[in-house]
Amino acid sequence: MRRSALNLIGLLVAAFAVFPVVWMVSTSFKSTPEIFSGGPVPFPRDPTFAHYRTILTGDLIPGVTFVDFFVNSVLVAVATVLVSGLVALLAATAVARFRFRLRTSFLVMLLVVQMIPLEALVIPLFLMIQRLGLYDTLASLVLTYVGFSLPFAVWMLRGFVAAVPVELEEAAAIDGASRAQIFRRILLPLVAPGLAATSIFSFIVAWNELIFALTFLNDQTRYTLPVAMTFFFGRDDTAWGPVMAASTILTIPVLVFFLIVQRRMVGGLAAGALKG
């Protein structure tokens with residue numbers, strides 16, 4: 001009875017979490033009249049791809065399609081994952097392997113940074129981006145997203161690096177391996193689960209963020225997908241069909257990326273919890 005009750009609760013929680021996604025995908029296949037007059041029907045009576053054709057073939061702004069915004073988001077997300085993963089691994093290695101003053105304070109500050117609301121940092125970051133000459137570039141978004149991804153990534157990867165026995169590195173050094181070879185052939189493969197776990201976090205941060213993308217970009221051709229989504233919301237009405245179709249497409253890369261790293265991610269989260 002207890003197991004059955006727990007399974008039932010798990011199914012209810014899963015249904016509660018999946019329902020919005022199912023409703024989003026279902027609405028994307030409904031015609032506009034059915035969306036507004038069909039009532040709360042979970043599945044479309046007459047499925048149509050009209051909304052997908054609208055966003056994939058039409059211009060959201062003159063000369064720029066939804067695909068162009070998609071490419072911008074992919075470039076920003078991939079660059080954020082690569083840069084944040086490399087920098088976080090180097091920082092985590094330094095924190096885990098070396099002893100220096102204020103080491104504990106540095107780790108605590110990583111957590112404190114995560115508590116600051118994003119809205120409070122828009123203006124100072126905007127001024128910094130302007131002074132660096134990166135305003136209205138995708139590099140400004142990559143730099144910002146890397147900064148927000150690093151605290152979590154460094155804190156988590158520190159546990160993985162600390163769990164790797166120092167004797168492995170010392171043995172490799174005795175065999176004549178350089179520091180770069182030790183890092184590439186020994187440390188990197190062993191902390192790969194942690195990199196997978198942190199990469200999904202960095203990817204989601206870069207893929208879904210709106211405020212900084214809307215603030216740091218002026219040229220509409222450089223907009224990312226979250227900003228492009230705002231084009232479907234008007235002052236008097238909202239194109240709910242294209243909104244749901246675009247939201248469905250926006251979700252696919254996250255699911256694909258998660259499926260690619262899910263095994264290492266689950267193992268990495270468990271290992272980090274046990275070895276940290």
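Me: Contact here means heavy atoms within 4.5 Å. Which residues does isoleucine 61 touch, not counting residues up to four places away in sequence?
Reply: Isoleucine 61 touches Phe69, Gln220, Thr221 and Phe231. The model is predicted: local features need pLDDT of at least 70, side-chain atom pairs count only at pLDDT 80 or more, and totals for chains, interfaces and linings use all residues. Residues are numbered from 1 along each chain as its sequence is written, and side-chain values use heavy atoms, with hydrogens and water left out.

Me: Why is isoleucine 61 called buried?
Reply: Buried means under 20% relative accessible area, exposed over 50%, partly exposed in between (1.4 Å probe, protein chains only). Isoleucine 61 has a relative accessible area of 10%, so it is buried.

Me: What makes the place of isoleucine 61 a strand?
Reply: Strands are DSSP runs of E, at least two residues; helices are runs of H or I, at least four; both are numbered from the N terminus. Isoleucine 61 sits in strand S1, residues 59-61.

Me: Why is aspartate 136 called buried?
Reply: The relative accessible area of aspartate 136 is 15%, so this residue is buried. Aspartate 136 lies in the loop between helix H6 (122-131) and helix H7 (138-163).

Me: How do you know that the side chain of aspartate 136 reaches the backbone nitrogen of asparagine 218?
Reply: A polar contact is a pair of N or O atoms within 3.5 Å; within protein, one must be able to donate a hydrogen and the other to accept it, and residues adjacent in sequence count only if both atoms are side-chain atoms. Here the distance is 2.8 Å. The backbone nitrogen of aspartate 219 also lies 2.8 Å from a polar atom of the aspartate 136 side chain.
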